[in-house]
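Dear colleague,

Please find below the structure that I am handing over to you.

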Amino acid sequence: MTDADYAKTSKPHPNIVAIEVLKKNGVNVEKLKELITKGVGAEFTTYYYYTILRMHCTGLEGEGIKEIVEDARIEDRNHFEAMTPRLYELGGALPRDIRKFADQAGCPDAFLPDNWEDINSILKVLLEAEQCAIRSWGEVCDMTAGKDPRTYDIAQRIMQEEVEHEAWFIELLSKRPSGHFRRKFAGQSPHTGSQGGLIHL
Amino acid sequence: MIHRLCNAQDIADNSWNVFTVNNSVDVMVGFRNGKLFAFDNSCPHKGAPLSKGEFNGDRIVCHRHFYEFNIFSGKLENMPSWKKEDTWVEQNPAWRSSGDLKLYHAFIKEGSIYVEIP
Ligand code: FES
Ligand SMILES: [Fe+2]
Ligand SMILES: [Fe+2]
């Protein structure tokens, strides 16, 4: 049984036009599903690890970055929410076992660094995680641009927020201005939408 | 099945191109110091397109997590995430594990590059 088979129905529908047109446009749908499964895996694990990182933003300096880490944390969860329905539309499925889901994730685990009391060490982990996310959603954008407008639309919205996240953490590490000003509320996700404002609700 | 991809002179030395064969297999084909190579464009680690990588000697360095694969033997030869670096804590073995490159037999005949896709 392959990973997605557990979720198969007993009467598979023979003709899904929304997938057929993608194939005609030259989209490798199997490959796309693989990249999306790994991409949403990375969002979900990152959401988990960012929770730990945020808890360790302590002291005066930690307090200064706590809110921005919280924005990035909730927005990663929103990315998982935004893309996962698309995986199912394409005929894919989340791995049945969350351990497998984590091991196949497209980005490394954003573990709490040993020297976390140095706030820069936390910022570096956050930055690398955002950079991996930019690379992986960029691949999905490349695969779907001009061929699969629905996946592209979601992936590019996620990308917009990942690019912002990278810029924030670079600003905090190096002072390079990012144009950042606080979100209207924690984890607002101005591009992908958040609770109550999901792009597909 | 053997597929003709392009004229040999269409790919400059120390560069590559990606060809989609049968609408499903992405093959990365190029020359490294005059020697032809061909392999599946999907990184055996987490599936990133290797065509976004760069050469390091006879290795292709994947852009996603910087694993390095020998483009002629296909072997995984270096994995930076194995090392415990400044802040990046070592990853668990299941996440790190990766196969080798999927190599394809490619050859030049009468000025054209061909690749064999089993
Ligand atoms: S996907 Fe290529 S190194 Fe991880
Ligand atoms: Fe994200
Ligand atoms: Fe992010």
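Which element supplies the largest share of the lining of the second largest pocket? In this predicted model, that share comes from helix 5 of chain A, with three residues.

The second largest pocket has a volume of about 450 Å³, and 21 residues line it. Nearest its centre lie Asn28(A), Lys31(A) and Met143(A), together with Asp26(B) and Asn41(B). At least two lining residues each are supplied by helix 2 (29-55) and helix 5 (119-144) of chain A and by strand 3 (25-32) of chain B. Sorted by class, the lining of this pocket holds eight polar, seven charged and six nonpolar residues.

I also draw your attention to the backbone of chain B. Most residues other than glycine have a negative phi. Asn22(B), however, is not a glycine and has a positive phi of about 55°. Asn22(B) sits in the loop that runs between strand 2 (15-21) and strand 3 of chain B. Its relative accessibility is 51%, and Asn22(B) therefore counts as exposed, the cut-off being over 50%.

A positive phi, of about 45°, is also found at Glu110(B), again not a glycine. Glu110(B) belongs to the loop between strand 9 (105-109) and strand 10 (112-116) of chain B. Is Glu110(B) buried or exposed? With a relative accessibility of 76%, Glu110(B) counts as exposed.

Yours sincerely

Technical notes. Residues are numbered from 1 along each chain as its sequence is written. Chains are lettered from A and ligands numbered from 1 in the order in which they are written. This is a predicted model: local features need pLDDT of at least 70, side-chain atom pairs count only at pLDDT 80 or more; totals for chains, interfaces and linings use all residues. Side-chain values use heavy atoms; hydrogens and water are left out. On a 1 Å grid over the protein atoms alone, a cavity is a set of points where a 1.4 Å probe fits but cannot get out, and a pocket is an open set with protein on both sides within 12 Å along at least five of seven lines; lining residues have an atom within 4 Å of a point. Grid points are joined across faces, edges and corners, and a volume is the space filled by probe spheres set on the points. Helices (H or I, at least four residues) and strands (E, at least two) are DSSP runs, numbered from the N terminus. Ala, Val, Leu, Ile, Met, Phe, Trp, Tyr, Cys and Pro count as nonpolar, Asp, Glu, Lys and Arg as charged, and the others, Gly among them, as polar. Buried means under 20% relative accessible area, exposed over 50%, partly exposed in between (1.4 Å probe, protein chains only).
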